[in-house]
Amino acid sequence: MSRNATMFGRDMTFLGVDPCTLDEPATYEGADVVIVSAPSDPRHGDRPSLPLRVDAVRQLRVLDAGDVGTLPEGTAGTEGTAGNTAAVAEAVTRIARSGAVPFVLGTDRTIGLSAASGVARQHGTGRIAVVHIDAHADTGTIRSGHPHGHGRPMSRLLEAGAVRAHRLVRMGPCGGWPLPGTQPDGPGVRSYPMTEILTRGLDACVDEATAVAVSDCDGVFLAIDLHVSAPGTTPGADPPGGLTSRGLLDTVRRLACEVPLVGMDVVEASTPHDYADITAFLRHRVVLEALSGVASRSRGDTWRPARPLLVGRGTTV
């Protein structure tokens with residue numbers, strides 16, 4: 001798991017943070033957060049976080065471990081999707097074992113199985129909760145003949161016992177049940193479809209989701225699929241509807257502030273449909289808001305969603 005970027009010239013890292021190497025634990029010993037599969041970003045990102053008044057990259061020790069090599073789904077033998085699952089899970093387990101929080105930037109929701117499983121290995125089977133924010137439930141039975149397919153990661157997590165059903169919370173459109181080869185949320189899974197979010201309000205649903213997620217568990221894994229955002233902010237997304245980008249960012253920031261975050265993945269940046277890189281910028285901001293929430297929680301701040309942004313303007317971050 002060497003740093004693939006070094007083969008292609010300049011070694012870029014997320015927000016210009018320092019690099020580390022997964023094969024050398026000493027390079028990320030004492031880190032707060034380690035990012036894998038990071039995109040190339042400029043040296044200076046949009047920070048600090050105005051709502052939280054924190055510069056996460058200054059306050060936390062954030063490192064970038066580069067890419068974990070993956071192969072296309074369907075590759076024969078033990079490679080392909082199953083091999084990718086094992087490789088990413090091993091990388092995440094190494095990071096979690098070091099005491100850092102792994103942030104995984106992936107391609108599709110299949111990565112979520114690897115990332116959450118890797119965290120569960122460290123914290124104990126059934127001892128973590130998952131908050132899954134997605135346009136689809138991903139609780140299908142099989143997809144294109146693949147047991148590890150794109151529509152199955154949440155089912156696989158439950159089947160393996162890595163996550164208990166009553167500790168899985170999902171938010172977002174359901175994708176139009178029933179779909180071929182899928183089944184509705186299983187017993188114990190708490191789901192907040194858009195109809196409920198619009199009726200009760202996002203804040204009320206997040207209040208309840210947070211209470212469910214932190215009940216009798218050691219930490220929370222946050223699984224973010226950018227397809228949960230409305231098609232206007234996520235080109236190529238389906239189904240219609242979903243959270244606004246602001247609603248998504250507010251939710252991520254709040255959860256990172258209020259729950260003991262043990263891992264996160266952000267998937268489905270829609271490159272083929274997104275000539276203006278809207279999803280890339282949205283993913284960048286999701287990660288930054290999560291980092292800001294972790295930093296705010298680490299210094300003992302209390303989440304105050306109604307706090308005016310300009311109160312105390314001019315103070316040092």
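Predicted model: local features only at pLDDT ≥ 70, side-chain atom pairs only at ≥ 80, totals over all residues.
Residues are numbered from 1 along each chain as its sequence is written. Local features need pLDDT of at least 70, side-chain atom pairs count only at pLDDT 80 or more, and totals for chains, interfaces and linings use all residues, while side-chain values use heavy atoms, without hydrogens and water.

**The sheet**

Nine strands build an open, parallel sheet, ordered β1-β3-β2-β4-β9-β8-β5-β6-β7. Strands (E, at least two residues) and helices (H or I, at least four) are DSSP runs, numbered from the N terminus. Pairing requires at least two DSSP bridges between two strands. β2 (residues 33-36) joins β3 (residues 62-64) through three bridges in the parallel sense. Valine 34 has leucine 63 in β3 as its bridge partner.

**Helices on the sheet**

Contact means heavy atoms within 4.5 Å. Angles run from 0 to 180 degrees between N-to-C directions, with axes fitted to C-alpha atoms, for helices over the stretch in contact.

| Helix | Strands touched | Angle |
|---|---|---|
| α3 (residues 110-123) | β4 (101-105), β5 (128-133), β8 (219-225), β9 (261-267) | about 170 degrees with β9 |
| α6 (residues 202-214) | β5, β6 (168-171), β7, β8 | about 165 degrees with β6 |

**Helix α3**

The 14 residues of α3 reach 21 Å from first C-alpha to last, close to the expected 20 Å. That expectation is 1.5 Å times one less than the number of residues. Eleven of the 14 are buried, so α3 is largely enclosed by the rest of the structure. Buried means under 20% relative accessible area (1.4 Å probe, protein chains only). Among the buried residues are Thr110, Leu113 and Val119. Just after α3, glycine 124 has a positive phi of about 110 degrees.

Terms used
Buried < 20%, exposed > 50% of the residue type's maximum accessible area, 1.4 Å probe, protein only.
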